[in-house]
Structure formats: structure tokens, C-alpha cells
Amino acid sequence: MEVKIVDAIMGSGKTSAMINYINESSQEEKFIFVTPYLLEVERVIESCPQKKFKEPMEKGGKLNNVKLLISKGYNIATTHALFNLFDEEVRFLLEDSNYTLIMDEAIQVIETLKITYSDMQNILKSYALIDKEGVVRWHCSDYEGKLSGYKKLCQAGRIYKSGSGLLDVFQVSIFEAFKKVYVLTYMFEGQILKYYFDFFNVKYSFLSVSNANGYYHLTSDKVDYVVPNYKKLIHIYEKRNRDDMRRKLNDIGKGKNALSVSWYENKKNKKNIERLQKNCVCFFRKYANTKVKYNMWTTYSEYKKNISGGGYATGFVSCNMRASNDYKHKTSCAYLVNRFISPVHKNFFATRGIKVDEDAFATSEMLQWLFRSAIREGKEITVYVPSERMRRLLKKWIRSVS
């Protein structure tokens, strides 16, 4: 298996270069193109007519349809969500089938398993053992009951014990079943997928995108991308003088952990969350002063109702949003989170001596979200980033590319 990371800034032509690669490939090379959203699936199908890409259909279940399409040797375009369901039968079908995987943006390869403490204890005490690698191995083969869903995941080798929790870890054998793997992303060094590949000793190399008179193609050469002057395009909402209201709106984010998940979860911050909501209203109404359709904001989904307000409520965009052009008209943005890698996930990687870069991760996540807005088309945006840490990281990134 060859893994190539196409690491290039948003708008550099990664997807266009990959589409050109597909269209120029031999008839024998088959592809599975995985992208976050259905609209991008349609784009791939329309852009590669000679390859006759198929989209898995609902009838009979999409996963079963994927298996049928692979068995018949079709090129397939699908979503991250369906790829995450690929199982051992898919792996078996992929082996020796000359398939190339193209992944537009990194998928979520590790998730904290949603399970009650009592169910977890029941599994670990009565039905499963933890091997030396931390994998939870189900040993009660004749079990049938409410824990059967967890049994299936354990039998697939997907469940790992990490600290006080359990993790659902995507099977690396699925990646290994492809002849080639391409991942199209930006700032790979700070992403969970990078640490996942390191954990499983998956080797990878990097490619860039070259633009030859409007024709995008992949290259192993280092490319100095021409980027807009983001210092002039991204207007970060900050204080200007001692009495400026801007100072007060950003005070809510003082401290390394302010606006993190744990900050929101802390009951002591109930009034601070109310204050953050009022700050957001003030930003959109008084300072951004843009119409509702141009406003875009985010927080953790569990706290969406707490922060939502008049003048921007309908502009909510998940902080995990990837590869979408649906919001490219948005010019006023409020990023009301402070991103950290889950401690349970950090502990998982630490068992193999893998140290994660929290700041690189946070910067990558924030930029993926911001580049859903009008900045992706080189237009000016105004950004409210109350977290002191996230604001510092954004300014650091702007300096590095400008």
C-alpha cells in the first residue's frame, strides 16, 4: 500500500488535481472516492464521465450496495459516513482488486464509544478481555442480548481500552486493502489521522499541487503556493483602546482553557455562557452589522441552543464542517470554541509514545471551519474569536502565510 498525503492550502486545487489524475489513469485502475458530502459525490461523478462512477443506493442498504459494486469492479463515489461502516467483508472484496482510495479530507478514525459505565463494566467483567495492545476481545461467542452491538465491534477488533473509557477505532486493515491511498487535506501534521497512521506504523509521503496555466496536477516537488494577503482579508475582532467594548467582548475567553468543552460543561460557567450569547448578539448586530444571511457561527452542538440568538441563529455551521461550498457567501463569523484533542484520545496515542500537537490540531480545525466562509473566494471576512488561545493561533497562522 502506498499512502500519499496531498497537503495543500484550501483553494489550491487539490480536488481538481485528483480529478485530472483519475481521468488520465489507465482503465485497469479502479477508484473509491470518499468525500464529506453528497454534493461533492455528484461533482466527482459529473467530472469523470469516462470512469462511470457509481453512487451506492439506499435500496437494500448502502453498505450492501457498496459490496455489490466492488464485486463488479465499478468505480465508486461515496461519503465519509458510509466509508466509516466498511467492514471485513468489504476488506476481503477490496484485496487484489486494484482499487485506489481517494479521501477528500481526513475521516474521523477514532471516536469515544457511547456506552454507559455499567454496560462497560459488564462487558469487561463478563464477556471480554483486554489484550496487551489494549484491544477489547469478546470471548463469549454465544452471547445474544442488548450488548450485541458492542460484541460485533469487539469481534471486528475496533474497540480499544484507553484510560477510563473505550474507543471505537477504524480498522486499519481497510486502508491496507487498497493498492494506493490519497488523502487530500491541509495541515496534516496536526490531524488525528496522522497520529492514527503513526500508531499503526502506516508509512506515508507527501505530494503537492501544481498549477500549469489553470491545469492542476499532483507533484512530488515542493510548491510555494501563491496565497492572498490574509492580513488584509481576515479582520479579527479585538480591542483598540482601553474603553473599547471590543475588550469586554473578548474578556470571556481569557485563559488557556476558556471556551473548551470542559469550560462549557462546568456548571460554574452557566452565567459565562449567557454572557457569551450576549457578546455574540453584540458582535453581529453592533460591529459586523451584516444581514442574517451573511452571518455564520459555531459552538459545540450540545450548547447550540444556549448560544443561539436573534440575527444569526440560522447561520449555525458545525465546528466539524469540512469541504463544503454552501457557506461561501458568509462574511461575518463567530468561532466560539477552543479546540483540544480529547484526553482519552491523547492517552490512546501515548501508549505508543506518540505525542500530539494540540496547537496544530486546533489551528487545523479552526481553519477548516473558517474556510467555509467567503475567505475561500478571497473576500474579506470579520471574525469574532473570543478564545484568547484560538485568536493567538489564528494570528500566528496569518503571519506564517502572509
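1. Strands E11 (residues 205-212) and E12 (residues 215-219) run antiparallel and are joined by five bridges. Strands are DSSP runs of E with at least two residues, helices are runs of H or I with at least four residues, and both are numbered from the N terminus. Two strands are said to pair if DSSP finds at least two bridges between them. Within this pair, Val209 stands opposite Leu218 in E12. The hairpin of E11 and E12 has two residues between the strands, and Asn213 takes a positive phi near 55° there.

2. This is a predicted model, in which local features need pLDDT of at least 70 and side-chain atom pairs count only at pLDDT 80 or more, while totals for chains, interfaces and linings use all residues. Residues are numbered from 1 along each chain as its sequence is written, and side-chain values use heavy atoms, with hydrogens and water left out.

3. E11 also pairs with strand E1 (residues 2-7), in the parallel sense and over three bridges. Here Val6 is the residue opposite Leu207 in E11.

4. Four bridges link E8 to E9 (residues 165-169) in the antiparallel sense, and Ser162 stands opposite Gly165 in E9.

5. Which residues of helix H2 (residues 38-47) are buried? They are Glu40, Val41 and Val44; buried means under 20% relative accessible area, exposed over 50%, and partly exposed in between, with a 1.4 Å probe and protein chains only. Seen down the axis of H2, the buried residues fall within an arc of 110°, so they line one face of the helix. The arc is that of the directions from the helix axis to the C-beta atoms. Leu39 and Glu46 are exposed, on the face of H2 turned away from the buried side. The cover over the buried residues of H2 includes strands E2 (30-35), E3 (76-79) and E4 (99-104).

6. Asn65 belongs to helix H3 (residues 62-71) and counts as buried because its relative accessibility is 14%. Its contacts (heavy atoms within 4.5 Å), leaving aside neighbours within four places in sequence, are with Glu55, Pro56 and Met57.

7. Arg372 sits in the loop between helix H16 (358-370) and strand E16 (381-384). Its relative accessibility is 2%, so Arg372 counts as buried. Arg372 and Val317 are 55 residues apart in sequence, and their C-alpha atoms are 9.0 Å apart in space.

8. The chain as a whole has 17 helices and 16 strands. Of its 402 residues, 53% count as buried. The C-alpha trace spans about 65 × 60 × 40 Å along its principal axes. Among contacts between residues at least 6 apart in sequence, 72% join residues at least 24 apart.
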